[in-house]
Amino acid sequence: MTAENLYNLVQGLSREQKTRFTRYTKGARKSLDLVLYERLLAAKSYDEKSAAKIRGKEFRNATQYYLYRCKLAERIIQSLVMYEQDRFDPAEFIRKAVQLDAVELAEKVWVEELTAAQTIEDYPKMVFLHELAADLKEVYRIRFERPEGLIDYKEVRRRQELHFSYEGVLNQVRAAFGFPHDSRNLTARALSGRIREMDQPTYRSEVLNLKCQVGSGMLLTDYERTMEVQDKLIRHMANAPYVFPLAQQVY
C-alpha cells in the first residue's frame, strides 16, 4: 500500500472505526506503526510537505517505511473486520483489504491461509480460498499469484472428491456389519476390490485407505491380516506430518 493510499484509508475511517482501532491497539507497545498512524491522522492533507513530516526521521529507510505501512494497514483492517464480525475471519480480512486497495496484503493473507490449509490437507478450505480468489478477480479485476508448491484448484477439487469417495466407502463398510452373513461377505469382497484400485495421492487418503482395509478385513473375518493393517494404520497416524482431529483418530 502506498503512503497516500494509507493516508486516505486512515482519513476515511469513521469516528466509531477510529475509536474501535484505538481500543484494538490499547495496551500494545507504541511501535512505529502506531506512530505512523498518529501522524497520518494528524495530517490535514497529503502533499509533498505533509508526506515528509509523516515520514520523519524514523522512516528514512524506504524498506522499513514500506513494512510499517503494511503493518499499520494490516492492524487497521483487522480492527475493521473485528468491528463488523466480532471475531477475526481471514476471508473477510482478504475481502476488506481488496476493497481498501491493500491488494498485496490481501494476497499475503490468502497465500498464508492456503499454505496452512494444504499443510493439514484441509481441501474444503482450499476450495473456498481458490473460489474466493476467483470471485475477487471477477469483481475487482485482480489476480492472486499462487506460489510454487501450492496445488491448483483442479487438483484441490480432485483430492477433495477422492476423500469424499473414501468416506463413502467407509460408510458402506460400517453399514455392512448389519447385513446377513452372505450379503456381508459379498459386499466386503466388492469393497475390497474397489479399495485396492483407489488412488492415494495424500497422507489423508493413505489413512482412509487403511481404515477401509481394516473394515473390509473384519467383514471377511480375516483377523490376522486385519491386525497387520491396523498396526500399520496406527503407525501411519502416529507419524503423520500433522495432528489428526480426535474424531478422525477414533472413528
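The accessible surface of the chain amounts to about 14,900 Å², and carbon and sulfur atoms account for 51% of it; areas were computed by the Shrake-Rupley method with a 1.4 Å probe, and for residues only the protein chains shown count as cover. The model is a predicted one, in which local features need pLDDT of at least 70 and side-chain atom pairs count only at pLDDT 80 or more, while totals for chains, interfaces and linings use all residues. Residues are numbered from 1 along each chain as its sequence is written, and side-chain values use heavy atoms, with hydrogens and water left out.

The chain contains 13 helices and 0 strands (DSSP runs numbered from the N terminus, helices being H or I of at least four residues and strands E of at least two). Its radius of gyration is 26 Å, well over the 18 Å that the globule rule gives for 251 residues, so the chain is more spread out than a compact globule. The radius is taken over C-alpha atoms, and the rule is 2.2 Å times the number of residues to the power 0.38. Along the principal axes, the C-alpha trace spans about 85 × 40 × 35 Å.

Of the 251 residues, 41% are buried (under 20% relative accessible area; exposed is over 50% and partly exposed in between, with a 1.4 Å probe and protein chains only). The largest nonpolar core has 47 residues, and I76, I94 and F144 have the most contacts inside it. Such a core is a set of buried Ala, Val, Leu, Ile, Met, Phe, Trp, Tyr and Cys residues joined through side-chain atoms within 4.5 Å. At least two residues of this core come from each of α1 (3-11), α3 (32-42), α5 (62-85), α6 (90-99), α7 (103-119) and α8 (123-140). Beyond its neighbours within four places in sequence, I94 is in contact (heavy atoms within 4.5 Å) with A106, V109, W110, L129, L132, L136 and F144. Apart from this core lies another, of 13 residues, including L162, L170, L191 and M198.

E145 lies in the loop between α8 and α9 (153-176). With neighbours within four places in sequence left aside, E145 contacts E107, W110 and V111.

Most residues other than glycine have a negative phi. D101, in the loop between α6 and α7, has a positive phi of about 65 degrees although it is not a glycine. D101 is partly exposed, at a relative accessible area of 45%. T221, in the loop between α11 (203-219) and α12 (223-238), is likewise not a glycine and has a positive phi near 55 degrees. T221 is partly exposed, at 47% relative accessibility.
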